[in-house]
Amino acid sequence: VTDRLMGDLAEALKGEETLTHPRWWRTRNMGWIETPSFAAFQTLMRADNANRERRFQDATDLANEALAIDPEFGAAWARLTDYYWNRRLRDSVPYAFHQAEMRSDRVSDQRLRWAEATVALAEGDLTRHLDLRRRILGEFGLGGQAYAVALAALGRQKEAVEQWEATYSEIPFGPAEAVIDNLVYWLVALGRFEEAGLWADSLADDRRQWWQIQLALASARWEKAESLEVALPEGRMTYLGRASLEAARGRVRNALSALETRVTLATRDGSPGRARVAMESALTLAVAAGAPLSLDRAELEADATERGRRIQGIWAAVEGDTTAARAWASGLPPLPALASGGLDGHDTQLVLLHARIAVAKEDWREVVRLLAPITGEHSWRGSAGGPRTIRLTNWTIAEAYDHLERPDSAVLYWARLAASEGLGEDETLLRGFSHSFAHRRAALAYRTLGRREEALEHWWTFLQDFNDPDPEYEWMVEEASGEVARMGG
């Protein structure tokens, strides 16, 4: 609340140069600012306001304006670690932290430790990130929300919600919208959709309406999502959301078309991360549906980042080009230790690349060796900005168990993919890309195991949701109807 008031005050005094030594802020315990220039201080407060309003580019620009006024403003450099991270400029985060460290007399210990934690997050060291957030909370009594975010990044959403409640239960004016947004994501990941909806309703119109659609998609209420798309203002349903909905209904061609549009628009707007998510979603859908990868790969081929190279490698493997896939893999870091913890989404995507190469060679035991430690209960569950391939990872190991004639193991993954929770906040919102196809595979596995009731439950859900398929998928509906009739359901 204090930070918000300071930012509002800075906005109100914009252009005034009435204070030359704002040390009184520190004597009143109202901030971490150390600069002889009120203009620099004021500009940094405006940057913080922009950051809270999710205007991350503006926040970065304003922080740099503050540094132009006072180049030795260590606190501004420390703040930039957060702003750069929010824009996913990973390489810029440690640079800003180094600059802050060089000016440690102009930044508080708390802010410097906070920036160090952001560096750990940008470098993908989630365990160290959590430890630093815990220490900041213990030593300074601040950062409860950041600690909750660190817990969620390691898939500990239940603890994150508990920490959130402990941090914000007694705040007089309530938490900021961005903070509520985090809570809604975590509740969605836990399958607590009703609670998530209640909190989402407290957000401003644009975000509230966005969440209405996302909650419908995450909870597999496809009819609700379709009605909201018609009722709400144009643009509330994103291309990614529309693709997820189309896929769940069996309209795979439309889904891939929406994903291609998303890639084109994201590339045009200079948002490579959004393009990558669309490509990753296309991979999941293509494997689940057995569909050809028809998207234009020009944007992907121009992506020289590690994530871009991993996606290209997986893409080649899915298409059966193991030579190209191995070439992409050879230019990436070595495989991490396959332990059931400590891996981030980038590590698990690298493991998936090697697993898809094994799939192309039909080496199913190798697929299980690679993926068993990082799937199921041990899934890395994701945080904003990470890869979106955990669904494909779980699908891949389920297929491997199926080929190894181990339906008891395969069905655990098919059922998990069909379920309403458990795969992480971002992956849950992309549920439609595997949802209906997972219900079908779960039904087949339960049939093999002789578990009639579970099989029928999945067949009925499949028939209800997969209600308007492309002609090439109509046989799946006929198959499901036949199975229900045969089982007397």
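Which residue, with a positive phi, follows H16? The residue that comes after H16 is Gly-270, and its phi lies near 70°. The model described here is a predicted one, in which local features need pLDDT of at least 70 and side-chain atom pairs count only at pLDDT 80 or more, while totals for chains, interfaces and linings use all residues. Residues are numbered from 1 along each chain as its sequence is written, and side-chain values use heavy atoms, with hydrogens and water left out.

Helices here are DSSP runs (H or I, at least four residues), numbered from the N terminus. H16 covers residues 252-268, and its 17 residues should span 24 Å at 1.5 Å a residue; the end C-alpha atoms are 24 Å apart, which agrees. The expected span is 1.5 Å times one less than the number of residues in the helix. Val-252, Ala-255, Leu-256, Ala-258, Leu-259, Arg-262, Val-263 and Ala-266 are buried in H16. These residues lie on the same side of H16, because they cover an arc of only 160° around the axis. The arc is taken from the directions that run from the helix axis to the C-beta atoms. Buried stands for under 20% relative accessible area, exposed for over 50%, and partly exposed for values in between (1.4 Å probe, protein chains only).

An α-helix has 3.6 residues a turn, so residues three or four places apart point the same way.

Attention now turns to the nonpolar cores. A nonpolar core is a set of buried Ala, Val, Leu, Ile, Met, Phe, Trp, Tyr and Cys residues joined through side-chain atoms within 4.5 Å. The largest core has 78 residues, of which Leu-259, Leu-285 and Phe-437 touch the most other members. Helix H17 (residues 272-289) supplies the largest share of this core, 11 residues. Leaving aside residues up to four places away in sequence, Phe-437 touches Ala-247, Val-252, Leu-285, Ala-288, Ala-289, Trp-395, Phe-466, Tyr-473 and Met-476. Contact here means heavy atoms within 4.5 Å. A second, separate core of 30 residues includes Ala-50, Ala-59, Trp-85 and Ala-115.

Rings of Phe, Tyr and Trp (its six-membered ring) pair if their centres lie within 6.5 Å; planes under 30 degrees apart count as stacked, over 60 as edge-to-face and the rest as tilted. The structure holds 12 aromatic pairs. In one of them, the rings of Trp-164 and Trp-199 have centres 5.0 Å apart and planes at 75°, so the pair is edge-to-face. This pair links distant parts of the chain, with Trp-164 in helix H10 (residues 157-168) and Trp-199 in helix H12 (residues 193-200), 35 residues apart. Trp-164 is buried at 3% relative accessibility, whereas Trp-199 is partly exposed at 32%. Tyr-185 and Trp-211 also form an edge-to-face pair, with 4.9 Å centre to centre and 70° between the planes. Tyr-185 belongs to helix H11 (residues 177-189) and Trp-211 to helix H13, 26 residues apart. Tyr-185 is buried at 15% relative accessibility, and Trp-211 is buried at 0%.

Charges meet rings as well. The charged end of Arg-133 sits over the ring of Trp-114, 4.6 Å from its centre, and that of Arg-242 sits over the ring of Tyr-239, 5.5 Å from its centre. A charge sits over a ring if NZ of Lys or CZ of Arg is within 6 Å of the ring centre and within 35 degrees of the ring normal.

Two loop residues complete the picture. Most residues other than glycine have a negative phi. Glu-405 is placed in the loop between helix H23 (390-403) and helix H24 (407-418), and is exposed at 70% relative accessibility.
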